[in-house]
Each structure stands twice: as C-alpha cells, then as structure tokens.
Amino acid sequence: MFNTDDLTLENITKRLNATVNLSDYHRTVMENKTDYFTKDTVFEDKFIKIFIAPVILKQVQEKVIGSVILIEDITKQKRLEESKTNFVAITAHELRTPISIIKGNAELLLGATSKNLSDSQVKIILEAIEKNSGHLLKIVNDFLGLTVLEEKRLHFKNTKFDIVKMANEVVSDFKEKAAEKDLYIKIAVPPELLPEIVADQDRTREVIINILSNSLQYTEKGGITLSFEKSGDFVKVLVSDTGIGIESDEQKKLFQKFHTVG
C-alpha cells in the first residue's frame, strides 16, 4: 500500500503527508487508553481507513505497552458507493425526460375532447409518445444488458459482415441529431479495401452507437469523424471528435459503472 519496506511509525506518517498524523494519533491512544478511528481518508489515488487500539496489560495496573494500528484500503468499497450514487442520479436523469414527454402528450390527448385538435396536431403528439416510449425502452434494455454482462450470461453470435457498411448505417442514423447541433458527422474512406470481419454484429453496432452518442453529447463545435485502420488480423474502428475530451487522470475511470466525468 505504501510502497516501502521501512514500516516504522515515522516513515508511514511521512508517507501520509498532511492527510493523517499517525504519530499524534498513536500518542493520543497510548495516553487516553481509548480506541481511535479515522473517517474515510484520501491517500494518493486510494481511500483508506485507520483504526488504532491500545495494547493493555491488565495484570500490571492496566499498563499500556503499545498499540495496534490497522490501515485498510477501502478504495473498492468507496468506488462501489460512488457507483450506486451515480447510478441513482443518472437513472433519474435519463428516465425523467421521456416519462415527462409521454405524460405531457398523453394529457394533451386526454384533453382533446374539450380542445379541437387537428389531425396533424394529434399526429405530432402520437409521434412524440412513440419516440419517447422507444427511448425509455432503450434505457431499460441497457440496464438489463448490464445485468446480463455482470452475471456473465452474455453470449456472442459471431457472423461475417461488412464493418464499413454497418458504420455507414449507424452514421446515417446520427446525421439528423448532429445537424440539430450544427455538427458534422462523417466517415473517412478507408485507404484500402477492408475484409469482412467476424464478430457479433448487434454488439458491435451497440458499441459504435454508444461511442458516437457520447461524442455528440460532449461536442459543441466542429464534429465527429469515424475511421478504420487494418491492424494485423483485426480492423480497428476509431471515433474522433472536436469535443471537450477526457482529462488523463479521469481516463482510468472509463470502465467504471455509472461514472461520469466533469
């Protein structure tokens, strides 16, 4: 944990810098003959918890002969707590919009008996309900998909298909959303004819869609380019954008569940 073989009280205190003064806590425990706990403490890129207990010889008038110090790395537990908090926040945020739109449009239709809505107005309302119902279903399916992944019940159906053709289809689906933000979205033509790839077509499409969705969400000017690169027996699919990017110290959190960076 401390990357040192010199596990003395002074050296560990020094390694903790100003985070925790272990020597002072040890002294307090020895003098007061009471246990000491620290709250969750940040140490470098970890979260730690410290417990100190006095060692007492009751036979010799409760003489304190030392202390036991337990330093526990609780980073995983802390990250799990953060994931749960982020999960609730993200879920509430994601679900609120489509539910509100569906509810609002349903109320409009229910009130249509007292308001003479034209056929075109009814069509717009129904289209909004249909579109947001689909959005809601996608969110639910994403969460179910995560459960399948975690329980290792995901099975891949590998087939041979044209990755460039698939990417063109996905990019076409995003062009309207990109135009709404005045962004370009394009595919760079491969420098050489790419072979068909062998993979799970639905899962591959899902990954490309997720990455393009993030690019659209965090890009305000410019646009997104999807390109390809042959690498040995593999074909790389690369997505680049002119958005805000991710700080290098945040990149290690990319594969944590329900984590968003600032």
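This is a chat about a predicted model, taken one region at a time.

Visitor: Let's start with helix H2. Which of its residues are buried?

Guide: In H2, which covers residues 22–32, the buried residues are Leu22, Ser23, His26 and Val29.

Visitor: And how are they placed around the axis?

Guide: They cover an arc of only 125 degrees around the axis, and that puts them on the same side of H2.

Visitor: What comes just after H2?

Guide: Just after H2 there is lysine 33, and this residue takes a positive phi of about 55 degrees.

Visitor: How exposed are aspartate 24 and arginine 27?

Guide: Aspartate 24 counts as partly exposed because its relative accessibility is 34%, and arginine 27 is also partly exposed, with a relative accessible area of 42%.

Visitor: How many salt bridges does a search of the whole structure find?

Guide: The search finds 5 salt bridges. One of them joins the side chains of arginine 203 and glutamate 206, at 3.1 Å from N to O. These two residues both lie in helix H6 (residues 201–217), 3 residues apart, or about one turn of the helix. Arginine 203 is partly exposed at 33% relative accessibility, and glutamate 206 is partly exposed at 33% as well.

Visitor: What about lysine 236, which residue is its salt-bridge partner?

Guide: Lysine 236 forms a salt bridge with glutamate 229, where the closest N and O atoms are 3.9 Å apart. Lysine 236 counts as partly exposed at 41% relative accessibility, while glutamate 229 is partly exposed with a relative accessible area of 36%.

Visitor: Changing topic, in what order do the strands of the open sheet come?

Guide: The sheet has 3 strands in the order E6-E8-E9, and their pairing is mixed. Strand E6 (184–187) and strand E9 (234–241) stand at the edges with a single partner strand each, so one side of each has no neighbour in the sheet. From one strand to the next, the twist averages 20 degrees.

Visitor: How many bridges join E8 to E9?

Guide: Strand E8, residues 223–231, is joined to E9 by 8 bridges, and the two strands run antiparallel. Isoleucine 224, for its part, stands opposite aspartate 241 in E9.

Visitor: Which helix packs on the sheet?

Guide: Helix H5 (residues 163–180) packs on the sheet and touches E6, E8 and E9, with its direction making about 170 degrees with that of E6.

Visitor: What is threonine 75 in contact with?

Guide: Leaving aside neighbours within four places in sequence, threonine 75 is in contact with Asp45, Lys46 and Phe47.

Technical notes. Residues are numbered from 1 along each chain as its sequence is written. This is a predicted model: local features need pLDDT of at least 70, side-chain atom pairs count only at pLDDT 80 or more; totals for chains, interfaces and linings use all residues. Side-chain values use heavy atoms; hydrogens and water are left out. Buried means under 20% relative accessible area, exposed over 50%, partly exposed in between (1.4 Å probe, protein chains only). Helices (H or I, at least four residues) and strands (E, at least two) are DSSP runs, numbered from the N terminus. The arc is that of the directions from the helix axis to the C-beta atoms. Two strands pair if DSSP finds at least two bridges between them. Axes are lines fitted to C-alpha atoms, for helices over the stretch in contact, and angles run from 0 to 180 degrees between N-to-C directions. Contact means heavy atoms within 4.5 Å. A salt bridge is a side-chain nitrogen of Lys or Arg within 4 Å of a carboxyl oxygen of Asp or Glu.
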